[in-house]
Amino acid sequence: MSFGERLQEVRRGSGLTQEQFAEELNVSRQAVSKWESSRGYPEIEKILYICNRFQVPIGELFADEVPVRSAQEHEEDAAHPAGKLPSGNLTSAVSGFLANLSPKNKWMAVGVLAGIACLSALMALFLKGGTMNMETTVWIVAIVIFGVAEAMTAGLVSVWFVIGSVAALITAACGGAVWLQVVVFFVVSIAALLVTRPLVRRLSRRDNVATNADRVLGGTARVTEVIDNSIPTGAVYVDGKTWSARSEDGSVIPVGSRVRITRMEGVRLFVEQEL
């Protein structure tokens, strides 16, 4: 039995029409029809709500949704027994890995590789006869230390000093005096800090976006189904959605009552009747 057929069975077993089921989940009737005809799946939040509201295990809903292996896949398994890797396996694995990366992660990977390449080029450039002078060594070590510190933190902490160290390293490569290298380091670091200051302010003042739970906790809801922990049944309507609900103190709360939401477990709200 497919997911759609099983969902239809759950709905009919609860005595609900598609319209009533859609209202329960705060979706359109067309969405329910699409799910029941196996042309799509609900969001994970809706699936969890269905499991809790109608007391059906999630494994039962998706019991027959395991993809069937094709004859070609079975032939490939026979051609490549366990312990023997097919030719080109590494290439295909790398290609698959890169294909699954999001554009953002691809650009991050390019940036990391570019940074490593630049650092390697600088180290090779400043190697003189197999040795490096002290100033070059100090600035390369500074770049690595500040770079690692920046990578290990969530915010902008030492990226300015990385830029300053690179500038000082270039100054050292051009034969600049030690005092000039230090001045360049501080001047470039401060300039980089001033340029990126607006970004730092935005990150430091970033507001946390409240989740659905944050918005409903402590709020007031309307009971749409009798809340009785002994059966158990109960649902409330709040913030444009219908939630499965249980009584915090175990009392029976009738339909139409106003309740206060005290806590949340999974997709189930625990409420107290307002006096």
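Where does aspartate 239 lie? Aspartate 239 is in the loop between strand 2 and strand 3, where helices (H or I, at least four residues) and strands (E, at least two) are DSSP runs, numbered from the N terminus.

## About the model

This is a predicted model, in which local features need pLDDT of at least 70, side-chain atom pairs count only at pLDDT 80 or more, and totals for chains, interfaces and linings use all residues. Residues are numbered from 1 along each chain as its sequence is written, and side-chain values use heavy atoms, leaving out hydrogens and water.

## The largest nonpolar core

A nonpolar core is a set of buried Ala, Val, Leu, Ile, Met, Phe, Trp, Tyr and Cys residues joined through side-chain atoms within 4.5 Å. Buried means under 20% relative accessible area, exposed over 50%, and partly exposed in between (1.4 Å probe, protein chains only).

The largest such core has 17 residues, and Leu7, Phe21, Leu25, Trp35, Ile50 and Leu61 touch the most other members. Two or more residues come from each of helix 1 (3–13), helix 2 (18–25), helix 3 (29–36) and helix 4 (44–53). Helix 4 gives the largest share, four residues.

## A look at helix 2

In helix 2, the buried residues are Gln18, Phe21, Ala22, Glu24 and Leu25. They lie on the same side of helix 2 because they cover an arc of only 155° around the axis, taken from the directions from the helix axis to the C-beta atoms.

## Backbone details in the loops

Asparagine 26 sits in the loop between helix 2 and helix 3. Its phi is positive, about 60°, although asparagine 26 is not a glycine. Aspartate 239 also is not a glycine, yet has a positive phi of about 55°.
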